[in-house]
Amino acid sequence: MEDKTLKTLIDKTIAFAGNAYAPYSKFSVGTAILLDNNQIVTGNNQENASYPSGLCAERVAVFHAGAKFPGVTIKSIAISASSSKHEVEAPAAPCGNCRQSIMEYEQKQKTPITLLLRSEKGPIYKCNSVADILPLAFNNSFLGDS
Ligand code: THU
């Protein structure tokens with residue numbers, strides 16, 4: 001992926017983290033997904049007074065992409081996080097539930113999804129595939145469906 005595309009994607013995550021609804025954690029996450037049709041789909045975390053009812057930015061974005069552009073390959077997901085309580089120094093790694101959800105799409109489309117992880121400062125981490133950060137993943141083969 002060329003640098004300009006990468007920068008565009010990262011810049012979108014910063015803008016969208018600003019729109020997160022995170023009154024409880026004060027931890028704002030923004031996500032931008034680049035699709036094979038060159039559309040960009042964004043997301044951010046949405047919290048709830050009943051804490052488990054909220055949803056992470058990554059799943060808001062992948063479900064948004066799946067709903068709006070069903071069957072279109074996801075090329076890349078950029079994620080960035082910031083907090084009004086402290087400086088987020090480490091690149092924002094998706095939680096286990098989000099890795100599982102992204103994995104479903106990677107498996108379905110049969111091509112890897114690149115992850116770009118950004119903190120408020122420091123390096124941007126790049127993972128070539130979500131499978132690299134979710135070893136021994138559970139998938140539909142266990143259900144006898146594939
Ligand atoms: N969060 C995300 O949006 N993505 C992650 O991968 C980890 C956590 C959100 C959920 C919650 O709104 C806040 O960050 C604190 O956990």
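I take buried to mean under 20% relative accessible area. The model is predicted.

Cysteines.
I began with Cys127. Its relative accessible area is 14%, so I log Cys127 as buried. I then looked for a partner. The closest cysteine sulfur is in Cys98, 14 Å away, which is too far for a bond.

Next I checked Cys98. Cys98 has a relative accessible area of 0% and is therefore buried. Which cysteine holds the closest sulfur to that of Cys98? I found Cys95, with its sulfur 3.7 Å away. My cut-off for a disulfide is 2.5 Å between the sulfur atoms. The sulfurs of Cys98 and Cys95 are too far apart for a bond. By this rule I count zero disulfides.

Asn45.
I moved on to Asn45. I located Asn45 in the loop between β2 (40-44) and α2 (57-68). Is Asn45 buried or exposed? I read a relative accessibility of 7%, so Asn45 counts as buried.

I then asked which backbone atoms lie by its side chain. A polar atom of the Asn45 side chain is 2.8 Å from the backbone oxygen of Phe27. The backbone nitrogen of Val29 lies 2.9 Å from a polar atom of that side chain.

Last, I listed contacts, leaving out residues up to four places away in sequence. Asn45 touches Phe27, Ser28 and Val29, and also Ala20, Tyr21 and Ala22. Leu55, Cys56 and Ala57 complete my list for Asn45.

Key: Residues are numbered from 1 along each chain as its sequence is written. This is a predicted model: local features need pLDDT of at least 70, side-chain atom pairs count only at pLDDT 80 or more; totals for chains, interfaces and linings use all residues. Side-chain values use heavy atoms; hydrogens and water are left out. Helices (H or I, at least four residues) and strands (E, at least two) are DSSP runs, numbered from the N terminus. Buried means under 20% relative accessible area, exposed over 50%, partly exposed in between (1.4 Å probe, protein chains only). A polar contact is a pair of N or O atoms within 3.5 Å; within protein, one must be able to donate a hydrogen and the other to accept it, and residues adjacent in sequence count only if both atoms are side-chain atoms. Contact means heavy atoms within 4.5 Å.
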